[in-house]
Amino acid sequence: MTVDADTQRTVDSIKNIAKNIREASSRIRDTVRTLRQSGAIDELTQAIQEAMIATRDTTQEISATARELRERGIIRDTASGIEETAIAAKATAETVKGAAQQVKEATPKTAESLREVSSKSKKTKNK
């Protein structure tokens, strides 16, 4: 049977792929066997389990602390303090705004008073 060149290249490529798959499978099998025999898989499994336990314990501690803070009213008191601070800050801003408005309104009068004093002072010096 004669096969054209393109078809032969395709057949050779498929054979090469199959060979690579067999070789990779063999290497994977050897690697897994080596990992199991060395104890690396057991060590990794134990490390993951310890990390999971530590995460669980930490989560439980955080939950207990949050519950305790809530029961003691600290969270409510903190929220109230934040609200009171915001109200006081708003009142302070309004006071400053009012003071600034008064300064703005008084400025022309102050300038006029200064001009009068300056004028009187010049007249007194000239005499």
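Predicted model: local features only at pLDDT ≥ 70, side-chain atom pairs only at ≥ 80, totals over all residues.

Q: Which residue does aspartate 57 meet in a salt bridge?

A: Arginine 56. The N to O distance there is 3.1 Å.

Q: And how accessible is arginine 56?

A: Arginine 56 is partly exposed, with a relative accessibility of 41%.

Q: How many salt bridges does the structure hold?

A: There are 5 salt bridges in the structure. Another one among them joins arginine 76 and aspartate 77, with their closest N and O atoms 3.8 Å apart.

Q: Are arginine 76 and aspartate 77 exposed or partly exposed?

A: One of each. Arginine 76 is exposed, at 55% relative accessibility, while aspartate 77 is partly exposed, with a relative accessible area of 46%.

Q: What about aspartate 6, which side chain does that one meet?

A: That would be arginine 9, in a salt bridge with an N to O distance of 2.2 Å. Both aspartate 6 and arginine 9 are exposed.

Q: Where do aspartate 6 and arginine 9 sit relative to each other in helix H1?

A: They are 3 residues apart in helix H1, so about one helical turn separates them.

Q: OK, charges overall. How many positive and negative side chains are there?

A: The protein has 23 positive and 19 negative side chains. The centres of those two sets lie 13 Å apart.

Q: Switching to the nonpolar side: which residues make the nonpolar surface patch?

A: Ile28, Val32, Leu35 and Ile41 make a patch of about 330 Å². Helix H1, which covers residues 5–38, gives the most to it, with 3 residues.

Q: Take isoleucine 28 then. Where is it, and is it buried or exposed?

A: Isoleucine 28 is placed in helix H1. It is exposed, since its relative accessible area is 55% and the cut-off for exposed is over 50%.

Q: How much of the protein is buried?

A: Buried residues are 2% of the 127 residues. The protein exposes about 11,400 Å², and 58% of that comes from carbon and sulfur atoms.

Q: Now zoom out. How many helices and strands does the protein have?

A: It has 3 helices and 0 strands, and from the N terminus the elements run α-α-α.

Q: Why call the protein more spread out than a compact globule?

A: Because its radius of gyration is 43 Å, well over the 14 Å that the globule rule gives for 127 residues.

Q: And what box do the C-alpha atoms fill?

A: Roughly 135 × 60 × 25 Å, taken along the principal axes.

Key. Residues numbered from 1 in each chain as written. Heavy atoms only, no water. Helix = DSSP H or I, 4+ residues; strand = E, 2+ residues; numbered from the N terminus. Rg over C-alpha atoms; globule rule 2.2 N^0.38 Å. Buried < 20%, exposed > 50% of the residue type's maximum accessible area, 1.4 Å probe, protein only. Areas by Shrake-Rupley, 256 points an atom, 1.4 Å probe, with all protein chains shown as cover. Lys, Arg positive; Asp, Glu negative; His and termini not counted. Charge placed at Lys NZ, Arg CZ, Asp CG, Glu CD. Patch = residues over 30% accessible without salt bridge, like charges linked within 9 Å, V, L, I, M, F, W, Y side chains within 5 Å. Salt bridge = Lys/Arg side-chain N within 4 Å of Asp/Glu carboxyl O.
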